[in-house]
Amino acid sequence: MEKVEQVDVRVKNYLESAGYEKWARVYATVDRGFVMTSNIAECINACLVEARELPVYDFLEEVRQMFARWNLKNHTSASHTFTRLCGKPQEMLVANEETSLRMKIVPSNNYVYSVHHEGRTYIVCLENKTCTCERFQLDEIPCSHAWAVLKKKHLDVGPYCSDMYKPSNLLDTYKIPITPLPDQNEWNVPGYINDDIVRPLKYKKLPGRPSKKYRDKAYIELYGKKSKNSCSTCGFKGHNRRSCRNGPRIV
């Protein structure tokens with residue numbers, strides 16, 4: 001926060017007013033990952049700009065083919081991953097191992113160790129997979145202090161890494177293939193669907209994106225028939241008293 005204040009104090013004030021739990025993983029009330037992701041719908045829309053001009057069936061077939069390509073590509077990538085972890089977690093694991101050199105380890109029991117590094121002392125508990133630096137708990141990957149303990153005890157680092165970072169778990173994510181559809185002539189379509197007539201919309205939708213104040217209104221409220229004004233002089237609808245050419249209504 002001191003570095004942020006040196007750049008712009010307004011940014012520091014904004015981050016403090018927003019609350020640390022919303023942007024700092026250490027203060028988060030739930031477990032958060034270290035990867036920032038965007039809305040997947042926005043990514044899909046960007047890939048389907050041209051396909052949106054197609055008829056409905058051709059559009060859905062284009063979507064199916066795109067997902068099938070993505071699924072196969074990710075499955076192939078996971079099957080060719082021979083490191084202990086995948087992607088960024090593997091890079092973090094290697095970096096933590098390099099940092100773990102020249103640390104002094106003092107055991108307390110079979111699971112708890114104190115690690116001295118750069119004038120500070122950290123307590124590592126292998127049984128609970130924790131370290132007082134809190135990186136072990138947040139990343140679910142052995143931090144440099146835990147790495148030093150594991151190497152001293154000649155233990156495999158694998159059981160102390162989260163399963164969600166492992167290639168086997170990534171393979172399970174993409175193991176179900178997206179099967180192709182048969183030709184339309186081979187479809188078994190029920191008769192009541194085949195005989196159904198799809199009529200055009202009853203109400204015409206206005207072009208463009210609706211303004212914010214209209215987004216939560218029902219469809220019929222926006223595009224249905226509007227009620228006509230009634231004249232306060234004659235009582236008939238379709239005009240007001242200024243343009244009324246009728247006589248006053250008889251009560």
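Serine 144 touches Asn96, Thr99, Ser100 and Met103, leaving aside its neighbours within four places in sequence; contact here means heavy atoms within 4.5 Å. Serine 144 sits in helix H7, and at 10% relative accessibility it counts as buried. Buried means under 20% relative accessible area, exposed over 50% and partly exposed in between, using a 1.4 Å probe and protein chains only.

Keep in mind that this is a predicted model, where local features need pLDDT of at least 70 and side-chain atom pairs count only at pLDDT 80 or more, while totals for chains, interfaces and linings use all residues. Residues are numbered from 1 along each chain as its sequence is written, and side-chain values use heavy atoms, with hydrogens and water left out.

- Helices (H or I, at least four residues) and strands (E, at least two) are DSSP runs, numbered from the N terminus.
- 7 of the 10 residues of H7 are buried, so this helix is largely enclosed by the rest of the structure.
- The buried ones are Ser144, His145, Ala146, Trp147, Ala148, Val149 and Leu150.
- They pack against H5, strand S1 (104-107), S2, S3, strand S4 (130-131) and helix H6 (135-139).
- Just after H7, histidine 154 takes a positive phi of about 60°.

**How H5 meets H7**
- Helix H5 (residues 87-99) packs against H7 at an angle of about 70°, with the axes 8 Å apart.
- Axes are lines fitted to C-alpha atoms, for helices over the stretch in contact, and angles run from 0 to 180 degrees between N-to-C directions.
- H5 and H7 are therefore roughly perpendicular to each other; that label covers 65 to 115 degrees, with under 35 roughly parallel, over 145 roughly antiparallel and the rest oblique.
- Leu93, Asn96, Glu97 and Thr99 of H5 make the contact with Ser144, Trp147 and Lys151 of H7.

**The nonpolar cores**
- A nonpolar core is a set of buried Ala, Val, Leu, Ile, Met, Phe, Trp, Tyr and Cys residues joined through side-chain atoms within 4.5 Å.
- The largest one has 22 residues, and Leu93, Val124 and Val149 have the most contacts inside it.
- Strand S2 (112-117), strand S3 (120-125) and helix H7 (144-153) each supply at least two residues of this core, and H7 gives the most, with 5 residues.
- Valine 149 is in contact with Ile105, Tyr113, Val115, Val124 and Leu126, again leaving aside neighbours within four places in sequence.
- A second, separate core of 5 residues includes Ile44, Leu48, Ala51 and Val63.
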